[in-house]
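Please look over the chain shown below before reading the notes that follow. They take up confidence, overall layout, the nonpolar core and individual helices in turn.

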Amino acid sequence: DEAVFAMVSDGELYLRACEQSAKYCVKNASSFLTLMKRGRPVLLNYYRAIGMVAGALMIMAGYVFRSEGIKRASLKLFIAIAILTFPAYVTGEIGGAQNKDSYTGPYAESLQRHKDAARPTFLLAELVGITALTGYFLLRRGSAKAGWALHATLVLSIAASGALIWTVLAGRHVKWSGSSKTAVSSQMQVR
């Protein structure tokens, strides 16, 4: 079928390219962790949900094995996830605001559900980052108060993991309802 799912050109990796789109891909590089599908940018947002779940498992392992090193590593991971969540949320808000009148029907409803899930998820992920940062500094100082921050981070990270998974699934629903989109995209469609 001569289908190409990825290509390398000038040292850059391009996903889901075809021979007809090769020149376009070289000329117009995609943004970080984004690919175009049916003319829409599809962000690869799973790394935050996976990272949050991994961090929650790591902090639990830190408690089980009584390892300060594992606890510190999990706190660093939570801080990184909080930092990475901020630009994803902001760019989603900007993109949604620019296209809010472009969609109708099931696609618009799915998009609204995703947006409704994204705001509290963002706040929860940032709260995990703040408690992790607090816990990290208290743990480094050897403060007896580090325990409450670690416990709070664990509880919040479990809640944030669930919220991130829910938001990712809502985003996938937007993807699958995309065939009902009524707006015509001016961007190139990649098969």
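In which element of the protein chain is confidence lowest, and in which is it highest? In this predicted model, confidence (pLDDT, the predictor's confidence in each residue, from 0 to 100) is lowest in strand S2 (residues 12-15), at a mean of 55, and highest in H4, at 92. Because the model is predicted, local features need pLDDT of at least 70 and side-chain atom pairs count only at pLDDT 80 or more, while totals for chains, interfaces and linings use all residues. Residues are numbered from 1 along each chain as its sequence is written, and side-chain values use heavy atoms, with hydrogens and water left out.

**Confidence**
- The mean pLDDT of the protein chain is 78, and 68% of its residues reach 70 or more.
- Over residues 179-191 the pLDDT is below 50, although this stretch has 27 contacts in the model beyond near neighbours in sequence; a contact means heavy atoms within 4.5 Å.
- Where pLDDT is low, the predicted coordinates should not be read in detail.

**Overall layout**
- The protein chain has 5 helices and 4 strands, these being DSSP runs (helices H or I of at least four residues, strands E of at least two) numbered from the N terminus.
- Read along the sequence, these elements follow the pattern β-β-α-β-β-α-α-α-α.
- Of the 191 residues of the protein chain, 37% count as buried, where buried means under 20% relative accessible area, exposed over 50%, and partly exposed in between (1.4 Å probe, protein chains only).
- Among contacts between residues at least 6 apart in sequence, 67% join residues at least 24 apart.

**The largest nonpolar core**
- The largest nonpolar core has 23 residues, of which Met52, Ile59, Leu75, Phe78 and Val128 touch the most other members; such a core is a set of buried Ala, Val, Leu, Ile, Met, Phe, Trp, Tyr and Cys residues joined through side-chain atoms within 4.5 Å.
- Two or more residues of this core come from each of helix H2 (46-64), helix H3 (68-98), helix H4 (105-141) and helix H5 (146-176), and the largest share, 9 residues, comes from H5.
- Val128, leaving aside its neighbours within four places in sequence, is in contact with Met52, Phe78, Thr153, Leu156, Ser157 and Ala160.

- Buried positions in H2 are Arg48, Ala49, Gly51, Met52, Gly55, Ala56, Ile59 and Gly62.
- Seen down the axis of H2, these buried residues fall within an arc of 165°, so they line one face of the helix; the arc is that of the directions from the helix axis to the C-beta atoms.
- The face of H2 turned away from its buried side carries the exposed residues Ile50, Leu57 and Val64.
- Met60 lies in helix H2, counts as partly exposed at 33% relative accessibility, and touches Leu154 and Ile158, not counting residues up to four places away in sequence.
- Arg66 is found in the loop between H2 and H3, where it is exposed, with a relative accessible area of 73%, and its phi is near 50°, a positive value in a residue other than glycine.

**Helix H4**
- H4 has 37 residues and reaches 55 Å from its first C-alpha to its last, close to the 54 Å expected at 1.5 Å a residue.
- H4 is followed by Gly142, whose phi is positive, near 80°.

Key: The expected span of a helix is 1.5 Å times one less than its number of residues.
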